[in-house]
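Please open the model before reading these notes. They take the annotated site, then the sheet.

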Protein chains: 2
Amino acid sequence: MTMLRDWQQRCARKRAARDDLIPKSWLVPELMKSQSSNLLEVPTTCGVLTEQEIRITTDYDAVGIVAAIRDTTFTAEEVTTAFCKRAAIAQQLTNCLTEIFFDEAIECARSLDKQRKANPEKQLGPFHGLPISLKDSFKLKGKDATIGLVCFVGAPAEENSALVDLLQSLGAVLYCKTNVPQTMMTADSENNIFGRTLNPNNIRLTAGGSTGGEGALIVLRGSILGVGTDVAGSIRIPSSCNGIYGFKPTSDIVPYSGQQNDVVDGIVGIPPSAGPMATSIRSCQFFMETIMKARPSVFDCSVTKVPWLDLKPPRVENLRIGVIADDTLHTPTPPLHRALREAVQKLVAAGVTIVPIQLTDVQSNMHLIWDLFSIDGSAHLRSLLDSTKEPLVESVRRIGLTTTPGKSIEEYFQINHARSISSKKFNGMWKEYSLDAMLCLPAPHTATPFDDWTVITYTSLFNLFDCPAVIIPVGKVEDIDLLDEAARYGENDQRVYDLYSGPELYRDTPTTLQLIGQRHEDEKLAGVSVTVDGILNGR
Amino acid sequence: MTMLRDWQQRCARKRAARDDLIPKSWLVPELMKSQSSNLLEVPTTCGVLTEQEIRITTDYDAVGIVAAIRDTTFTAEEVTTAFCKRAAIAQQLTNCLTEIFFDEAIECARSLDKQRKANPEKQLGPFHGLPISLKDSFKLKGKDATIGLVCFVGAPAEENSALVDLLQSLGAVLYCKTNVPQTMMTADSENNIFGRTLNPNNIRLTAGGSTGGEGALIVLRGSILGVGTDVAGSIRIPSSCNGIYGFKPTSDIVPYSGQQNDVVDGIVGIPPSAGPMATSIRSCQFFMETIMKARPSVFDCSVTKVPWLDLKPPRVENLRIGVIADDTLHTPTPPLHRALREAVQKLVAAGVTIVPIQLTDVQSNMHLIWDLFSIDGSAHLRSLLDSTKEPLVESVRRIGLTTTPGKSIEEYFQINHARSISSKKFNGMWKEYSLDAMLCLPAPHTATPFDDWTVITYTSLFNLFDCPAVIIPVGKVEDIDLLDEAARYGENDQRVYDLYSGPELYRDTPTTLQLIGQRHEDEKLAGVSVTVDGILNGR
């Protein structure tokens, strides 16, 4: 018998406590969990959900379900129960949840139903009865927010994150939190506490990170609207891996205050942002509109008061989209190369003006990003890890963040200055080409095998420039996505390019695109995204 | 014969070159410059201005003069010539100008008149023909921006500040830049190059700083609209000393990029902001509206895209104003104590709801501010000063900034964190008391004798919290403002309080108040200020 170390015991207890929160009647037969690499059909076939619960969780997006509660097709309790059950299924299939509070959620929904009955004239909150899942980094009073670090196990939050208060004030029902990587700095949602979240499209590939639990949960429709955070791609990478919509706003548009964090307080690097992940683009738009109209600065005084103006999106025939073919460092692999090419064809056919544009200074900008991520030499993070002696998981070990030296204050000023020069240059392109949006890939590849995702150029540049960006799923890897040998940018590119081994291993893996907007023009990007999604996905 | 040192020769040549730019026929008889401590009447009595030029420069504010050009009462050339002449008079009386480019300005105005004649149907720019003066820190291609440092003499700017391009695109006529303190960090606009700017209300007292040249120029109506910058009170202190309106916006609302600077590039301390100084509150509002509607982010990508929404200001009877009696460290001297008391009486009489509120943690917040101003230990500033061996002027020597040690990056994070906690606490007051604005003094005293202004609590706190703030002149020191002995907060308070020696020395010195708005609610503050100014000044 092996003796478990201290940290291992803490993790085992935490996991067991979580698992105990799933009622026996919601358990999925073991057999169904492993019958295929693609688990997307299991929730509707495993026998746990009633017909009505399948309808509720399958046939609606967040906008639709809010309307269905409003018009009394369903009660909030019915909806919440259905999503709790489907989230429990998703958890059993992919290990996507960290904190489970189904009972409280159902109680909350019941109370919303009651309040409505008692005051039928009172206007309903815009999220009345809508179940919303949250990345583990959001704090709820009395619940852990471990963010994959053992030191935070059994240290319940003393207050809510600002966004939690705001969501509840709007009638949302919170019911679970979702898994992240140890350190939240990799694209593999694995940590010593909960283990790894699997990608239900193809369990041999990563679910992405850091908001990987949301990605898996939402594509299985254990949630139709979740909230993630993104400082280098943490909303967009799991959205891309799982094939859902993910919207990274400009920083300080959606309340971010009160996150559980593994960096030192007061650190200033790349500005992070919180944003929606969902099963439809209009749900992302709905989330952004609702939050931006709800006086978020009252809940978080660091919010920038950019109002939602009910702008009309530009007409298709006036749309000008800049297309970025690649990041100048990594050649797109065949499935994504095809996805972008087909998208451009559809956009041109719809009358959109396409403007080829090229990123510049990518290498030096990536150095800036890395410098900004390692300003304090990860001293605080290392002390958190050391406090329990937990080891690094493989994906964290590979990126080497915890061994990068810190910066002096003089170096920090230089980095800042270089960043503002670079932002100015990038921002000049919007004016130079009169663009409404930029279109590019989220990465050179789809979801990769475990621990192999290291390229964050395509996502983190838009954190550096603080532009809103959205992931739009457009298809899946197809048999026609045959291997070629097209890596153009040298050895490192070849190594990344070779991750794609042809369609066999990548069967059913989603292909997605990324649409970029101008800083603070989140509303416009949401509008343009609805239009572009309509063109690309025939809606 | 004394040999001049190198730096002295450079300064003497620079001054002489500036003085040569004033035409002989615009010279004011020596006698008139020194007949009284109050020089406000000299421009209209010295014989330099024609009757029409007196009307143009005396009877209009910025809004009025733009309308008068628009309706062809005056040409742009007539208006520009009149303000160039009056600015030349102000310069001779108070030494308020640094760079003079009257010829170019008149040529520009003439060209605006011609363009209008050639295209009578074309819409005029919102600032068409409006002369706007600028703090010396704004860069104009080909002109010096010495900001009071000898090392920058003879180093013409290679490009315009972002705001300069924006103002010119809106039809403004730029004609002069105005004096600042060496280092721009004191309330005495004195430096080794140009010497000291005098306060034309009372030449024995400081004109304030750092935008002191604007203060003197505008109260003499050598300008009716100027642009300053403010990181601790640099718009508000000289507005207060001279008795004009000055509006410090939230940072990054008015383009700030491309300032001449004496701090190292990329430094992040207190966020500075650029804003208007004018002869009327509606001119400040007009400036803010015009800039915010002119897509300023196209000129400066760091601008926050908060739009101007044409909000209706709250009705007087719904207005709730929090009154801050003092900064909890410095007792208001009799003239300002009276000014605030009378203002509150008038507001109450008008139906405004007054809510007494108290600042907290002022001492520790002032430590934060000082830490943020000395992050790099002023190393860059010292190297600029050392490069020419110019000595410190008295006011700079007194504040001791250049001898404060720098901070480590860890200390910087701590400061940042403390600041965000403090901002959250301050911001909570807006919600707690449902306030539309806060009313307080700009300092415990009016303009002081030279080099004696050291208290920046009343102004810099609102830089720390990044709130917009406006100075409203309400009167002058009166014979009834007799000395008392009311200093309440100990020795340092007594020392500051004793600067006020009774009405004799302070004759004609303006009394002003400060109105504070919420971060990013610059439009609302402008609207509320128009209402409050109407009540206080019977407009």
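1. Start with a term. Helices, of at least four residues, and strands, of at least two, are DSSP runs numbered from the N terminus. With that in hand, find Ser234(A). Ser234(A) lies in the loop between strand E6 (225-230) and helix H10 (236-242) of chain A. Keep in mind that this is a predicted model.

2. Which residues carry the "active site" feature? UniProt, in an unreviewed entry, places that feature at Lys135(A), Ser210(A) and Ser234(A). They span 100 residues in sequence, yet no two of their C-alpha atoms are more than 10.3 Å apart, so they gather at one spot.

3. Now look at Ser210(A). The loop between strand E5 (195-196) and helix H9 (212-219) of chain A holds Ser210(A). Is Ser210(A) buried or exposed? Its relative accessibility is 1%, so Ser210(A) counts as buried. Buried means under 20% relative accessible area.

4. Ser234(A) is buried too. Its relative accessible area is 7%.

5. What does Ser210(A) touch, not counting residues up to four places away in sequence? Both other annotated residues, Lys135(A) and Ser234(A), are among its contacts. The list also includes Asn179(A), Val180(A), Pro181(A) and Met184(A). Thr186(A), Ser189(A) and Thr229(A) belong to it as well.

6. Turn to the contacts of Ser234(A), again leaving aside neighbours within four places in sequence. They are Lys135(A), Met184(A), Gly209(A), Ser210(A), Thr211(A) and Thr229(A). The two serines also meet through their side chains: Ser234(A) makes a polar contact with Ser210(A) at 2.7 Å.

7. Next, the sheet. In chain A, 11 strands form an open sheet with mixed pairing. Trace the order: E1-E3-E2-E6-E8-E7-E12-E13-E11-E9-E10. Strand E1 (97-100) and strand E10 (353-357) of chain A are the edge strands, and each pairs on one side only. From one strand to the next, the twist averages 30°.

8. E1(A) and strand E3 (residues 173-178) of chain A run antiparallel, joined by two bridges. Opposite Ile100(A) stands Cys176(A) in E3(A). Helix H7 (residues 102-118) of chain A packs on the sheet and touches E1 and E3 of chain A. The direction of H7 makes about 160° with that of E3(A).

9. Helix H20 (residues 522-537) of chain A packs on the sheet too. Helix H20 touches strand E7 (245-248), strand E9 (320-324), strand E11 (437-440), strand E12 (469-476) and strand E13 (510-516) of chain A. The direction of H20 makes about 10° with that of E12(A).

How values were computed: Residues are numbered from 1 along each chain as its sequence is written. Chains are lettered from A and ligands numbered from 1 in the order in which they are written. This is a predicted model: local features need pLDDT of at least 70, side-chain atom pairs count only at pLDDT 80 or more; totals for chains, interfaces and linings use all residues. Side-chain values use heavy atoms; hydrogens and water are left out. UniProt positions are given in the numbering used here, feature names are shortened, and annotations may be inferred rather than shown by experiment. Buried means under 20% relative accessible area, exposed over 50%, partly exposed in between (1.4 Å probe, protein chains only). Contact means heavy atoms within 4.5 Å. A polar contact is a pair of N or O atoms within 3.5 Å; within protein, one must be able to donate a hydrogen and the other to accept it, and residues adjacent in sequence count only if both atoms are side-chain atoms. Two strands pair if DSSP finds at least two bridges between them. Axes are lines fitted to C-alpha atoms, for helices over the stretch in contact, and angles run from 0 to 180 degrees between N-to-C directions.
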